[in-house]
Protein chains: 2
Amino acid sequence: MNLLEVFKDSKHQESFAAGAEVITEGLEGNHMYVVLSGEVAISLNGRVIATASEGEIVGEMALINAEIRSATVTATTDCVLAVIDDGSFRSLLKHVPDFNLHVMNVLADRLKQAYELIED
Amino acid sequence: MNLLEVFKDSKHQESFAAGAEVITEGLEGNHMYVVLSGEVAISLNGRVIATASEGEIVGEMALINAEIRSATVTATTDCVLAVIDDGSFRSLLKHVPDFNLHVMNVLADRLKQAYELIED
């Protein structure tokens, strides 16, 4: 599913300068992001565990199972992100089957990466 | 979503004795399980990272993003599991919105647990 195509004209966008913190672990969160341009890094205690670039999502976990951010997300380049609030997220899950599968794939991929890190 | 209720009369069930390996990391897999009775443990290199008991699922990752098992699952007690093959899984995802959300929640919960282990 090409989320860049779906969200590139989204009215709710935020820009972050390289180095800026997009999501802070431990804080409450009620929206996720689609990266429209640039790149962000997902980190735990300063250790980068994954990156997300154009068309990829971050911050979806807080919308699914908790309101508390499980990891920190930092802009590694100047970037523009589309903001998807909880209501829009639920609506997408309900009405767009491909979005469901996409989010599930992202979670499974990140889980696989996390298991590899635990094993190392 | 009460998966025990949905699958307790499933015709495709498998029984495992305490200590038996249900899923082996690194092997190919094309089905998942719903625990109907007993308990299983999910482990990486012998380290238990999660457990699943009545009504909970294991083995879903291989159906979502890969055919290779990302972790090992062992019966910690005698247990009975309902077997869900890839076709049934896709059908459930397509036709049962609650199943989608349930799988997404399980993945997000396991990811949160994995991140906590990485941080420890």
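# A tour of the two chains

Begin by selecting B:Phe89 and B:Phe99: both are buried (under 20% relative accessible area; over 50% is exposed and partly exposed lies in between, with a 1.4 Å probe and protein chains only). The model is predicted, so local features need pLDDT of at least 70 and side-chain atom pairs pLDDT 80 or more, while totals for chains, interfaces and linings use all residues. Residues are numbered from 1 along each chain as its sequence is written, chains are lettered from A and ligands numbered from 1 in the order in which they are written, and side-chain values use heavy atoms, with hydrogens and water left out.

**Stop 1: aromatic pairs**

Over all chains, the structure has 4 aromatic pairs. Rings of Phe, Tyr and Trp (its six-membered ring) pair if their centres lie within 6.5 Å; planes under 30 degrees apart are stacked, over 60 edge-to-face, and the rest tilted.

Select B:Phe16 and B:Tyr33. Their ring centres are 6.2 Å apart and their planes stand at 90°, so this pair is edge-to-face. B:Phe16 belongs to strand S1 of chain B and B:Tyr33 to strand S3 of chain B, so the pair ties together parts 17 residues apart in sequence. Helices (H or I, at least four residues) and strands (E, at least two) are DSSP runs, numbered from the N terminus. Both B:Phe16 and B:Tyr33 are buried.

Go back to B:Phe89 and B:Phe99, which also form an edge-to-face pair, with 5.8 Å from centre to centre and 80° between the planes. B:Phe89 lies in helix H3 of chain B and B:Phe99 in helix H4 of chain B, so this pair ties together parts that are 10 residues apart in sequence.

**Stop 2: helix H3 of chain B**

Select residues 86–95 of chain B. In this helix, H3, the residues B:Phe89, B:Leu92 and B:Leu93 are buried. Looking down the axis of H3(B), the buried residues fall within an arc of 100°, so they line one face of the helix. The arc is that of the directions from the helix axis to the C-beta atoms. An α-helix has 3.6 residues a turn, so residues three or four places apart point the same way. On the face of H3(B) turned away from the buried side are the exposed residues B:Lys94 and B:His95.

What covers the buried residues of H3(B)? The cover includes H4 of chain A, and from chain B the helices H1 (3–7), H2 (61–64) and H4 (97–119) and the strands S3 and S8.

**Stop 3: strand S8 of chain B**

Now select residues 79–85 of chain B. This is strand S8, and 5 of its 7 residues are buried, so it is largely enclosed by the rest of the structure. Strand S1 (residues 13–16) of chain B pairs with S8(B) in the antiparallel sense over 4 bridges. Two strands pair if DSSP finds at least two bridges between them. Within S8(B), B:Leu81 stands opposite B:Glu14. Strand S3 (residues 31–37) of chain B is joined to S8(B) by 6 bridges, also antiparallel. Here B:Met32 stands opposite B:Ile84.

**Stop 4: the sheet of chain A**

Switch to chain A, where an open sheet of 4 antiparallel strands has the order S2-S7-S4-S5. Which strands stand at the edges? Strand S2 (21–23) and strand S5 (47–53) do, each with a single partner, so one side of each is left without a neighbour in the sheet. Select S4 (residues 39–44) with S5(A): they pair in the antiparallel sense over 6 bridges. A:Ile42 has A:Ala50 in S5(A) as its bridge partner.

**Stop 5: salt bridges**

The structure holds 8 salt bridges over all chains. A salt bridge is a side-chain nitrogen of Lys or Arg within 4 Å of a carboxyl oxygen of Asp or Glu.

Select A:Arg110 and A:Glu60, whose closest N and O atoms are 3.1 Å apart in a salt bridge. A:Arg110 lies in helix H4 of chain A and A:Glu60 in the loop between strand S6 (57–58) and helix H2 (61–64) of chain A, so the pair ties together parts 50 residues apart in sequence. Both A:Arg110 and A:Glu60 are buried.

In chain B, select B:Arg110 and B:Glu60, a salt bridge with the closest N and O atoms 3.2 Å apart. B:Arg110 counts as buried at 9% relative accessibility, and B:Glu60 is buried at 2%.

Last, select B:Lys8 and B:Asp9, whose side chains meet in a salt bridge (3.7 Å, N to O). B:Lys8 is partly exposed, at 39% relative accessibility, whereas B:Asp9 is exposed, at 63%.

Note on methods:
Contact means heavy atoms within 4.5 Å.
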